[in-house]
Amino acid sequence: MLSTLDNSLVLFMVAELLHTVRLPIRNRTLDAEPFLVVGLIAGIRKVLIVTAEAERFKWNPQGIELVILAGLIFVMALATLVWRRASRPREFAFPKGIGA
């Protein structure tokens with residue numbers, strides 16, 4: 001069961017990596033968001049595998065690894081959110097009738 005879950009999640013990562021590599025080649029631009037998404041997928045995959053292997057949460061090396069992975073996933077999700085907001089046009093920056 002664990003190997004099937006692990007292999008299917010690896011397939012998702014490979015598909016996302018192929019998409020991530022194809023975009024900069026086609027558009028001739030480098031965007032950080034697809035790489036953050038691949039990192040999120042990899043982090044979530046590792047969390048799922050570690051939690052499937054563990055019986056319950058304990059403060060052993062697996063538990064510490066889970067806490068670190070959760071923090072890493074949170075930081076990457078936050079970075080993705082900031083990247084999307086920074087790259088979005090500022091057409092909605094001011095309410096109607098206010099601003100430049």
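These notebook entries record what I looked up in a predicted model.

**Entry 1: ground rules.** I number residues from 1 along each chain as its sequence is written, and the side-chain values I use rest on heavy atoms, with hydrogens and water left out. Because the model is predicted, local features need pLDDT of at least 70 and side-chain atom pairs count only at pLDDT 80 or more, while totals for chains, interfaces and linings use all residues.

**Entry 2: helix 1 against helix 2.** I looked up how helix 1 (residues 2-27) packs with helix 2 (residues 33-53), and found an angle of about 175° with the axes 9 Å apart. Helices here are DSSP runs of H or I with at least four residues, numbered from the N terminus; axes are lines fitted to C-alpha atoms over the stretch in contact, and angles run from 0 to 180 degrees between N-to-C directions. I therefore describe helix 1 and helix 2 as roughly antiparallel to each other, a term that applies to angles over 145 degrees.

I then listed who makes the contact (heavy atoms within 4.5 Å): helix 1 contributes residues including Leu5, Leu9, Met13 and Leu17, and helix 2 contributes residues including Phe35, Val38, Ile41 and Leu48. The residues of this contact divide into 16 nonpolar, one polar and four charged, where Ala, Val, Leu, Ile, Met, Phe, Trp, Tyr, Cys and Pro count as nonpolar, Asp, Glu, Lys and Arg as charged, and the others, Gly among them, as polar.

**Entry 3: Thr80.** I found Thr80 in helix 3 (residues 61-87), and at a relative accessible area of 8% Thr80 is buried (buried means under 20%, exposed over 50% and partly exposed in between, with a 1.4 Å probe and protein chains only). Leaving aside neighbours within four places in sequence, Thr80 is in contact with Glu33, Leu36 and Leu40.

**Entry 4: salt bridges.** I count two salt bridges in the structure, each being a side-chain nitrogen of Lys or Arg within 4 Å of a carboxyl oxygen of Asp or Glu. Glu33 pairs with Arg84, the closest N and O atoms being 2.3 Å apart, and this pair links distant parts of the chain, with Glu33 in helix 2 and Arg84 in helix 3, 51 residues apart. Glu33 counts as buried at 16% relative accessibility, whereas Arg84 counts as partly exposed at 48%.

Lys46 pairs with Glu65, with the closest N and O atoms 3.8 Å apart; Lys46 lies in helix 2 and Glu65 in helix 3, so the pair ties together parts that are 19 residues apart in sequence. Lys46 is partly exposed at 33% relative accessibility, and Glu65 is partly exposed at 28%.

Key
Helix = DSSP H or I, 4+ residues; strand = E, 2+ residues; numbered from the N terminus. Parallel < 35°, antiparallel > 145°, perpendicular 65-115°, else oblique.
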